[in-house]
Amino acid sequence: MDPLALKAALGAGLLSFPVTPFGKDGNFNRAVYADHVGWLSGFRASVLFAAGGTGEFFSLAPDEIPPIVSAAKAAAGDTPIVAGCGYGTGMAVQIAQSAESAGADGILLLPHYLIDAPQAGLFQHIKAVCDAVSIGVMVYNRDNSILTAETLARLCEACPNLVGFKDGSGDIGLVRKITATMGDRLTYLGGMPTAELFADAYLGAGVTTYSSAVFNFVPALAQKFYSALRAGETETTNRILVDFFYPFMEIRNRQKGYAVAAIKAGVRLLGHDVGPVRAPLTDLSEQEVGMLEDLMRPYR
């Protein structure tokens with residue numbers, strides 16, 4: 001996909017990250033993934049992210065990513081597929097190139113591994129990935145990879161295929177400076193865990209869309225919330241927050257890593273045999289699965 005076409009698609013509606021299913025042998029289960037992605041594509045996500053954060057990118061070997069991307073492309077119809085990418089610069093370049101060869105329409109560059117880095121180093125890291133592919137790239141501003149507005153402006157000048165900025169920092173002041181400085185040069189995506197909890201604040205900062213993890217198992221509810229948000233229907237968004245998202249947050253916050261594990265549990269409750277999360281994450285307890293099932297019941 002042309003980078004500008006991807007930029008437009010990213011801003012056209014709600015986004016999501018399908019979970020990555022694993023079979024009893026611990027390997028990627030393509031058949032289950034294809035079934036789930038095909039089902040999700042019927043709920044009008046404007047872009048799906050394969051092997052992203054909710055797709056357990058952090059647990060995947062680099063050679064596992066291209067088959068996941070190709071399976072998503074085959075199952076998603078006309079929905080663009082963006083591949084997760086990360087780690088050190090050399091490995092990130094290789095992952096980006098292999099994902100492009102597998103048919104990815106774009107790359108989401110997650111934070112690099114472990115260490116903090118100066119702005120000059122982040123510039124070189126992101127530029128190397130952008131230079132390595134012809135498809136669109138978006139950067140994930142989070143944890144140890146926080147860009148200043150000035151560094152992002154330099155990257156936009158140097159990398160024509162840099163088309164998106166996703167923020168998971170929660171620093172609304174920084175986000176607003178970036179959206180004010182860069183204007184429509186980029187598409188801006190909300191990337192906080194359970195992004196709906198922060199969607200109003202990010203919308204006020206100029207971020208018009210986000211990736212919804214719960215879209216994996218309550219896609220109609222996720223779309224209803226997004227539509228109400230964009231229409232300014234605060235009474236509807238408040239009701240959904242109180243009835244669903246705040247109780248979901250209570251389940252999610254019971255253990256570290258449940259931002260992914262709870263999503264996978266929800267998909268299993270729908271009947272998709274996506275298997276367990278990989279270590280170092282752990283799955284929900286039976287009691288917690290029961291809590292999630294009760295919460296989901298009105299929205300299935």
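Reader: Which residues form one aromatic cluster with Phe217?

Author: In this predicted model, a search of the whole structure finds 10 aromatic pairs. One aromatic cluster contains Phe217.

Reader: How are the rings of phenylalanine 244 and phenylalanine 245 arranged?

Author: Phenylalanine 244 and phenylalanine 245 are both buried. Their ring centres are 5.0 Å apart, with the planes at 90°. Planes over 60 degrees apart count as edge-to-face. The pair of phenylalanine 244 and phenylalanine 245 is therefore edge-to-face.

Reader: What is the arrangement of the rings of tyrosine 210 and tyrosine 226?

Author: Tyrosine 210 lies in strand β8 and tyrosine 226 in helix α9 (residues 219-231), so the pair, 16 residues apart, links distant parts of the chain. Both tyrosine 210 and tyrosine 226 are buried. The ring centres are 5.7 Å apart and the planes stand at 70°, so this pair is edge-to-face.

Reader: Which residues touch the most other members of the largest nonpolar core, and which element gives the most to this core?

Author: The largest nonpolar core has 109 residues, and those touching the most other members are Phe49, Leu162 and Phe217. Leaving aside neighbours within four places in sequence, phenylalanine 217 has contacts that include Trp39, Phe244, Phe248, Ala262, Ile263 and Met296. The element that gives the most to this core, with 8 residues, is α11.

Reader: What is the volume of the largest pocket, and which residues are the closest to its centre?

Author: The volume of the largest pocket is about 820 Å³. Its lining has 36 residues. By class, 19 of the lining residues are nonpolar, 12 polar and 5 charged. The closest to the centre are Gly53, Phe58, Leu110, Arg142 and Val260.

Reader: Which element gives the most to the lining of the largest pocket?

Author: At least two lining residues each come from β8 (209-212), α10 (234-252) and α11 (258-269). With 4 residues, the one that gives the most to the lining is α11.

Reader: Is threonine 148 buried or exposed, or in between?

Author: Threonine 148 sits in the loop between β5 (136-141) and α6 (149-158). Beyond its neighbours within four places in sequence, threonine 148 is in contact with Gln119 and Leu174. Its relative accessible area is 29%. Buried means under 20% and exposed over 50%, so threonine 148 is partly exposed.

Reader: How many Å apart in space are threonine 148 and alanine 261?

Author: In sequence, threonine 148 and alanine 261 are 113 residues apart. From C-alpha to C-alpha, the distance between threonine 148 and alanine 261 is 32 Å.

Conventions: Residues are numbered from 1 along each chain as its sequence is written. This is a predicted model: local features need pLDDT of at least 70, side-chain atom pairs count only at pLDDT 80 or more; totals for chains, interfaces and linings use all residues. Side-chain values use heavy atoms; hydrogens and water are left out. On a 1 Å grid over the protein atoms alone, a cavity is a set of points where a 1.4 Å probe fits but cannot get out, and a pocket is an open set with protein on both sides within 12 Å along at least five of seven lines; lining residues have an atom within 4 Å of a point. Grid points are joined across faces, edges and corners, and a volume is the space filled by probe spheres set on the points. Ala, Val, Leu, Ile, Met, Phe, Trp, Tyr, Cys and Pro count as nonpolar, Asp, Glu, Lys and Arg as charged, and the others, Gly among them, as polar. A nonpolar core is a set of buried Ala, Val, Leu, Ile, Met, Phe, Trp, Tyr and Cys residues joined through side-chain atoms within 4.5 Å. Buried means under 20% relative accessible area, exposed over 50%, partly exposed in between (1.4 Å probe, protein chains only). Contact means heavy atoms within 4.5 Å. Rings of Phe, Tyr and Trp (its six-membered ring) pair if their centres lie within 6.5 Å; planes under 30 degrees apart count as stacked, over 60 as edge-to-face and the rest as tilted.
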